[in-house]
Amino acid sequence: MSTSENFSSIPIVDITKLRIGTLAEQMAVAEELGKAARAVGFVYITGGGIDESLFDGVLDATKRFFALPHGEKMKVYIGNSRCHRGYVPEGEEVFASGTKDKKEAYDLSIDLPADDPDYVLGNPLLGPNQWPDLPGFAKAVDDYYRAVFGLGRVLLRGFSMAIGEEPTFFDQYVTKPPSQLRLIHYPFDTSAEDRPGIGAHTDYECFTLLRSTSPGLEVMNGAGEWIDAPPVPGAYVVNIGDMMEIWTNGEFTATSHRVRKVSEERYSFPLFFAADYDTVVAPLPRYATGDKPLRASLKAGEHLFAQTMQSFTYLKERRARGEIALPVDGDVRSGVQR
């Protein structure tokens, strides 16, 4: 049997009953989720209720977008956005190590109108998406975003029950969060060469829901060994992020993971489920007792934006020109692959 020190596989939990079961059935599923969150920090979930056609649709739209000429994609370059939405060309992200990944991406989040008050006041992560002039793209991507975000709300109830709170406890912190969906394209690369430890990181948000088309994701167990987490048909990979780890003062584990460099073409769709921008994330009262040291608190949105500023070239340039500044309480760390 695997433990937090030597797990050799990722558990699979069917969450159907969390969505439509009795309270007792929901609690049973929540306990399974909690067990995985404590021991591994990763779990495959099935029974999420998302029509597979939505994933097929976003995959088709993503392939069509990345097949466009570079100039067409650059019309929605992320540097044109005031709220970090749009196309991320290869080389845009440069991490603390100075390395560049051979990948391109398209970033989006909750699609707010241009007169949204947070956007008008200059919030750097809330506002309208940039959409390319590509038939069917916006609808396919937004439909998928809404479905997976809804699944995230179901998981949030499960995690709340798993720590002994009411199912709706975390809802107060998730009213208009900057939860980002990334459409990522790793082109075919015969020169791909992996190096131990490169790209290892934890995610900044509450948790992540991931679908991908090919293997590559690896998870580090307590013994420092990399465990493969290949795609499971119809399942989502869910991993605990920094915010949930802080709320539970380390009881839930934000496990280090990486994307191993592989030669085959790969598409990846992580949705980073975040708390509202102004949420102060700190250990909950039930975890603020005893002798265990308390994890440092952070402000959710400032934390996210501070990390983003460290790796995106266009934001570094804006900062150099004095147009933006690092949040005072941003808790800046090294940039990592997302």
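Which residues does Ile227 touch, not counting residues up to four places away in sequence? In this predicted model, the answer is Phe7, Ser8, Ser9, Leu217, Glu218, Val219 and Asn221. The chain has 338 residues, of which 53% count as buried, and the chain contains nine helices and 13 strands. Among the contacts in the chain with a separation of 6 or more, 76% are accounted for by residues 24 or more positions apart.

- Ile227 is found in strand β8, which covers residues 226–228.
- Ile227 counts as buried because its relative accessibility is 10%, and the cut-off for buried is under 20%.
- One of the residues that Ile227 touches is Ser9; the two are 218 residues apart in sequence, yet their C-alpha atoms are 6.7 Å apart in space.

**Helix α9**

- In helix α9, which runs over residues 313–320, the residues Tyr314, Leu315 and Arg318 are buried. These three residues lie on the same side of α9, because they cover an arc of only 95° around the axis.
- After α9 comes Gly322, a residue whose phi is positive, near 80°.

**Where helices α2 and α6 cross**

- The axes of helix α2 (residues 23–39) and helix α6 (residues 137–162) come within 8 Å and cross at roughly 85°.
- On the α2 side, the contact is made by Leu23, Gln26, Met27, Ala30, Leu33, Gly34, Ala37 and Arg38, while on the α6 side it is made by Leu155, Gly158, Phe159, Met161 and Ala162.
- Sorted by class, the residues in the contact of α2 with α6 are nine nonpolar, three polar and one charged.

**Cysteines and disulfides**

- A disulfide is a covalent bond between the sulfur atoms of two cysteines.
- The count of disulfides in this model comes to zero, when a pair of cysteine sulfur atoms has to lie within 2.5 Å.
- Cys83 is buried, with a relative accessible area of 1%, and Cys206 also counts as buried, at 0% relative accessibility.

Definitions and conventions:
Residues numbered from 1 in each chain as written. Predicted model: local features only at pLDDT ≥ 70, side-chain atom pairs only at ≥ 80, totals over all residues. Heavy atoms only, no water. Buried < 20%, exposed > 50% of the residue type's maximum accessible area, 1.4 Å probe, protein only. Helix = DSSP H or I, 4+ residues; strand = E, 2+ residues; numbered from the N terminus. Arc of directions from axis to C-beta. Contact = heavy atoms within 4.5 Å. Axes fitted to C-alpha atoms, helices over the stretch in contact; angles between N-to-C directions. Nonpolar A, V, L, I, M, F, W, Y, C, P; charged D, E, K, R; others polar.
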